[in-house]
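Please consult the sequence and the structure shown here while reading.

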Amino acid sequence: MSDAPGRPAEPEDRGPLFDATLSTLQPSQAFLDACGDAAIAFEGDDLARLGRYLAFLRDANAKINLTTIVDPDEMWLRHIYDSLTLLPFVASYEREDGTDGPVTLLDVGTGGGLPGLPLAIVLPDVRVTLLEATGKKVRFLSAVTAALGLANVRVVQARAEDAGRDRVEHRERYDLVTSRAVGPLATLAELTVPFARVGGLVLAIKGERADAEIVEAKAALHALHAHVREPLRTPTGTIVPILKQRSTPKMYPRRAGEPKRSPIGGRLRDD
Ligand code: SAM
């Protein structure tokens with residue numbers, strides 16, 4: 001249905017977003033060296049599947065806007081390596097209440113699947129949910145998941161503000177919540193913390209402003225009953241781990257758009 005009365009809707013291109021027969025992009029030496037330095041090891045066909053994912057991402061990027069990084073060597077470092085810097089946190093996570101069951105991870109604002117998809121590829125025992133608001137990106141994620149046969153991945157199209165209020169499916173249902181490049185920490189906290197179980201961790205991949213963002217997010221984290229642990233600098237960014245200490249107050253997350261428009265604790269600088 002067209003949302004502009006009197007004007008026909010643009011026909012949506014429903015053709016394949018990428019060529020599923022594409023072969024793998026070969027990992028760069030810089031990527032392999034960085035993984036060696038970080039003691040990241042690969043099993044079986046992990047590298048081949050990561051390389052096929054990058055090939056699909058690159059191919060689909062010609063049709064939909066998924067990434068500005070398209071040089072293969074850069075993609076291995078800035079997309080795959082950067083995502084895998086979260087591995088030590090994910091692999092060592094243990095529930096404080098001692099309950100059994102597979103570790104669950106939600107990637108908020110996953111876009112083309114980062115950092116969630118590389119983690120799902122190398123950690124098949126972790127149940128990964130990719131949350132993304134944009135329909136075209138969700139279509140890409142579903143197609144990639146099917147093409148790579150990732151049985152541990154589900155794709156959800158929703159805004160975090162809406163899914164975060166869904167007590168049956170999403171609210172306080174995840175051990176780990178990841179996010180990269182979705183917004184400043186004061187906004188991102190409201191979009192991510194509601195999904196974590198009490199005792200669960202939010203893992204935000206941040207850039208050079210990580211320390212300033214932590215200061216700006218102080219009021220938001222306090223209101224959300226969450227606490228920043230020691231950030232970890234990596235060769236590609238800064239990981240900010242946030243521990244959820246108690247249940248999120250009912251009023252959060254606020255309605256769609258509000259966390260960005262009016263972050264808890266006041267406006268942020270505009271740049
Ligand atoms: N995380 C990916 C990465 O690092 O490449 C994508 C980053 S992209 C800059 C931000 C993504 O977050 C977009 O795909 C956007 O649609 C999604 N997003 C932004 N706000 C969102 C929200 N409130 N709920 C769900 N997705 C959201």
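## Accessibility and model basis

A residue is called exposed when its relative accessible area is over 50%, buried when that area is under 20%, and partly exposed in between. The model under discussion is predicted.

## Residues with positive phi

Ala181 has a phi near 60°, a positive value in a residue other than glycine. Ala181 is placed in the loop between β4 and α8, the latter spanning residues 185-192. Because the relative accessible area of Ala181 is 73%, this residue is exposed.

Glu172 likewise is not a glycine and has a positive phi, of about 55°. The loop that holds Glu172 runs between α7 (160-163) and β4 (174-180). With a relative accessibility of 24%, Glu172 counts as partly exposed. Just after α1, Ala39 also takes a positive phi, of about 55°.

Which residues are closest to the ligand? They are Gly109, Leu114, Glu132, Ala160 and Arg180, within a set of 15 residues that surround the ligand. By class, this shell comprises six nonpolar, four polar and five charged residues.

A backbone N or O atom of Gly109 is found 2.9 Å from a ligand nitrogen atom, and a backbone N or O atom of Ala133 lies 3.5 Å from a nitrogen atom of the ligand. The side chain of Glu161 contributes an N or O atom at 2.9 Å from a ligand nitrogen atom. On its own the ligand has 600 Å² of accessible area, of which the protein covers 78%.

## Cis peptide bonds

Leu114, one of the residues closest to the ligand, is joined to Pro115 by a cis peptide bond with omega near 5°. Pro115 belongs to the loop between β1 (104-108) and α5 (116-122).

A cis peptide bond is also present between Tyr252 and Pro253, where omega is about -5°. Pro253 lies in the loop between β8 and α11.

## The two sides of helix α1

Helix α1 covers residues 29-37, and its buried residues include Phe31, Ala34 and Cys35. Why do these residues share a side of α1? They lie on the same side because they cover an arc of only 100° around the axis. In general, an α-helix has 3.6 residues a turn, so residues three or four places apart point the same way.

The other side of α1 carries the exposed residues Gln29, Gly36 and Asp37.

## Two buried threonines in strands

Thr129 is located in strand β2, which spans residues 127-132. Its relative accessibility is 4%, so Thr129 counts as buried. A polar contact of 3.0 Å links the side chain of Thr129 to the side chain of Arg154. With residues up to four places away in sequence set aside, Thr129 touches Leu105, Leu106, Asp107, Arg154, Val156 and Tyr174.

Thr238 is located in strand β8, which spans residues 238-244. Is Thr238 buried or exposed? A relative accessibility of 5% means that Thr238 counts as buried. Its side chain makes a polar contact of 3.3 Å with the side chain of Arg233. Apart from neighbours within four places in sequence, the contacts of Thr238 include Ala204, Ile205, Lys206 and Gly207. Ala210, Pro231, Leu232 and Arg233 are also among the residues in contact with Thr238.

## Arg261 in helix α11

Arg261 is found in helix α11, which comprises residues 258-261. The relative accessible area of Arg261 is 49%, and therefore this residue is partly exposed. Within α11, the side chain of Arg261 makes a polar contact of 2.8 Å with the side chain of Glu258.

Arg261 may also be located relative to Thr187. These two residues are 74 residues apart in sequence, and their C-alpha atoms are 8.7 Å apart in space.

Note on methods:
Residues are numbered from 1 along each chain as its sequence is written. This is a predicted model: local features need pLDDT of at least 70, side-chain atom pairs count only at pLDDT 80 or more; totals for chains, interfaces and linings use all residues. Side-chain values use heavy atoms; hydrogens and water are left out. A residue is near a molecule or strand if one of its heavy atoms lies within 4 Å of it. A polar contact is a pair of N or O atoms within 3.5 Å; within protein, one must be able to donate a hydrogen and the other to accept it, and residues adjacent in sequence count only if both atoms are side-chain atoms. Accessible areas come from the Shrake-Rupley method with a 1.4 Å probe; for residues, only the protein chains shown count as cover. Ala, Val, Leu, Ile, Met, Phe, Trp, Tyr, Cys and Pro count as nonpolar, Asp, Glu, Lys and Arg as charged, and the others, Gly among them, as polar. Helices (H or I, at least four residues) and strands (E, at least two) are DSSP runs, numbered from the N terminus. Buried means under 20% relative accessible area, exposed over 50%, partly exposed in between (1.4 Å probe, protein chains only). The arc is that of the directions from the helix axis to the C-beta atoms. Contact means heavy atoms within 4.5 Å.
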